[in-house]
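Please look over the sequence and the structure shown here, and then read on by topic.

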Amino acid sequence: MTIDMKSLAREGAKARLWQLETEKNQLLVAFPDLRDGTSSHVTSQEGSRRGRREMTAAERRSVSVRMKRYWAERRKKIDSPKPGLGRPKASVKRQGISAAGRAAIAAAQKKRWAKLRREGKAKAKGGQDVRNG
């Protein structure tokens, strides 16, 4: 028994051609504008463009009106008398430190630095650490 390779190749080619035609028909059903050959081709310049497209003036106006309406409704909800939805309370402004408080801190710092100077002099003279001992 001899195998006729040419006839087998022909049968395989027929089967593949049928598959391709089926796929082509499916694509034409999905994209009917491809049938007449006037499909819109993207130029290389348009195709390489990245990012978002620019909005028209009308689209910008529409977004502006929509967002103004959104924020107005949001402010109404925040200003509502329902508990827990009110505006956050204004933070209490810090008064700062009084003159007496500043003087107390200054006196404490002077006392601290005087002690450190004394310890440094004692350490330099005697070679021992006064803080440890």
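**Salt bridges and surface of a predicted model**

Across the whole structure, a search finds two salt bridges, a salt bridge being a side-chain nitrogen of Lys or Arg within 4 Å of a carboxyl oxygen of Asp or Glu. This is a predicted model, in which local features need pLDDT of at least 70 and side-chain atom pairs count only at pLDDT 80 or more, while totals for chains, interfaces and linings use all residues. Residues are numbered from 1 along each chain as its sequence is written, and side-chain values use heavy atoms, with hydrogens and water left out.

**Fold and confidence**

- The protein has four helices and zero strands, where helices (H or I, at least four residues) and strands (E, at least two) are DSSP runs numbered from the N terminus.
- Read from the N terminus on, the elements follow the order α-α-α-α.
- The average pLDDT of the protein is 83, and 75% of the residues score at least 70; pLDDT is the predictor's confidence in each residue, from 0 to 100.
- Confidence is lowest in helix α2 (residues 44-48), with a mean of 57, and highest in helix α3 (residues 57-78), at 94.

**The two salt bridges**

- Side chains of opposite charge can pair when their charged atoms come close.
- Glu-11 forms a salt bridge with Lys-14, with 4.0 Å between the closest N and O atoms, and both residues lie in helix α1, three residues apart, which is about one turn of the helix.
- Glu-11 is partly exposed at a relative accessible area of 48%, whereas Lys-14 is exposed at 52%; buried means under 20% relative accessible area, exposed over 50%, and partly exposed in between (1.4 Å probe, protein chains only).
- Glu-59 forms a salt bridge with Arg-53, and here the closest N and O atoms are 2.9 Å apart.
- Glu-59 is partly exposed, with a relative accessible area of 27%, while Arg-53 counts as exposed at 54% relative accessibility.

**Surface and patches**

- The protein exposes about 13,400 Å², of which carbon and sulfur atoms supply 57%, and accessible areas come from the Shrake-Rupley method with a 1.4 Å probe, where for residues only the protein chains shown count as cover.
- Of the 133 residues in the protein, 3% are buried.
- Ile-3, Met-5 and Leu-8 form a nonpolar surface patch with about 360 Å² of accessible area together; patches are made of residues with over 30% relative accessible area and no salt bridge, like charges being joined within 9 Å and nonpolar side chains (Val, Leu, Ile, Met, Phe, Trp, Tyr) within 5 Å.
- Ile-3 lies in the segment before α1 (5-30) and counts as exposed, because its relative accessibility is 61%.
- Lys-111, Lys-115, Arg-117, Arg-118, Lys-121 and Lys-125 form a positive surface patch, where Lys and Arg count as positive, Asp and Glu as negative, and His and the chain ends are not counted.
- Within helix α4 (residues 99-126) lies Arg-118, which is exposed at a relative accessible area of 55%.

Note on methods: The place of a charge is taken as NZ of Lys, CZ of Arg, CG of Asp or CD of Glu.
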